[in-house]
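Q: I have a protein model open beside its sequence, and I would like to learn how to read it feature by feature. Could we go through it slowly together?

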Amino acid sequence: MELDLSYNPFWNDVTLPVSITTLTRLTKLDLGRLPSYIGSSDGIRGITPLLGLKNLRSLNLRGHAFSEDLSVILGPLEQLEFLDLSYNSFEGGIPESISQLNSLQFLNLNGNSLDNPVVLPAALASLPLRGLSLGNQGT
């Protein structure tokens with residue numbers, strides 16, 4: 001089952017409802033390009049219901065203001081294969097929490113402010129990555 005809430009103009013000052021965790025067959029969730037509030041200091045709180053989506057394989061969090069460690073959110077998503085964190089506000093190195101995603105095959109970090117050249121954490125080497133996108137890094 002897939003749920004696409006991307007580019008939703010009605011999403012303002014709203015957190016994901018806890019009831020989303022009842023969608024136990026949800027495998028793809030697109031939250032890309034929602035209003036920038038979701039990546040604010042309350043952004044992690046706003047997406048904590050993701051913790052209950054154990055079968056999620058694809059997650060799009062493109063175009064928010066995430067800059068902090070997302071390990072509290074990503075850690076429980078053991079089935080995640082595709083993760084889009086492009087056009088957020090990550091700086092420095094690739095977030096270490098990504099190395100916890102043992103099933104991750106595709107990772108998009110385009111458009112952040114990662115170090116140039118980007119240094120890959122050693123822990124990423126153990127992941128079954130088939131695609132890694134790091135283009136358009138700010139300086």
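A: Let us begin at the end of the chain, keeping in mind that this is a predicted model. N136 lies in the segment after β8, and its phi is positive, about 55°, although N136 is not a glycine.

Q: Is N136 buried or exposed?

A: To read this, we compare the relative accessible area with a cut-off, and a residue over 50% is called exposed. N136 has a relative accessibility of 57%, so it counts as exposed.

Q: Which residue in a loop has a positive phi near 55°?

A: That residue is Y87, which is not a glycine either, and it is found in the loop between β4 and β5, the latter being residues 91-92. With a relative accessibility of 30%, Y87 counts as partly exposed, because that class covers values between the buried limit of 20% and the exposed limit of 50%.

Q: How should I read the strands, and in what order do they stand in the sheet?

A: Six strands form an open sheet here, in the order β1-β2-β3-β4-β6-β8, and their pairing is parallel. The edges are taken by β1 (2-4) and β8 (131-133), each of which has a single partner strand, so one side of each is left without a neighbour in the sheet. On average, neighbouring strands of this sheet are turned by 0° against each other, if direction is ignored.

Q: How many bridges join β6 to β8?

A: Three bridges join β6, which covers residues 106-108, to β8, and the two strands run parallel. To see this pairing in the model, find F106, which stands opposite G131 in β8.

Q: What is the general idea behind a salt bridge, and which side chains form one here?

A: Side chains of opposite charge can pair when their charged atoms come close. In this model the count comes to one salt bridge, in which the side chains of E81 and R57 meet at 3.9 Å, taken from N to O; the cut-off for such a pair is 4 Å.

Q: Where do E81 and R57 lie along the chain?

A: E81 is in the loop between α2 (71-74) and β4 (82-84), while R57 is in the loop between α1 (43-47) and β3 (58-60), so the pair ties together parts that are 24 residues apart in sequence. E81 is partly exposed, with a relative accessible area of 27%, and R57 is also partly exposed, with a value of 34%.

Note on methods:
Residues numbered from 1 in each chain as written. Predicted model: local features only at pLDDT ≥ 70, side-chain atom pairs only at ≥ 80, totals over all residues. Heavy atoms only, no water. Pairing = 2+ DSSP bridges. Helix = DSSP H or I, 4+ residues; strand = E, 2+ residues; numbered from the N terminus. Axes fitted to C-alpha atoms, helices over the stretch in contact; angles between N-to-C directions. Buried < 20%, exposed > 50% of the residue type's maximum accessible area, 1.4 Å probe, protein only.
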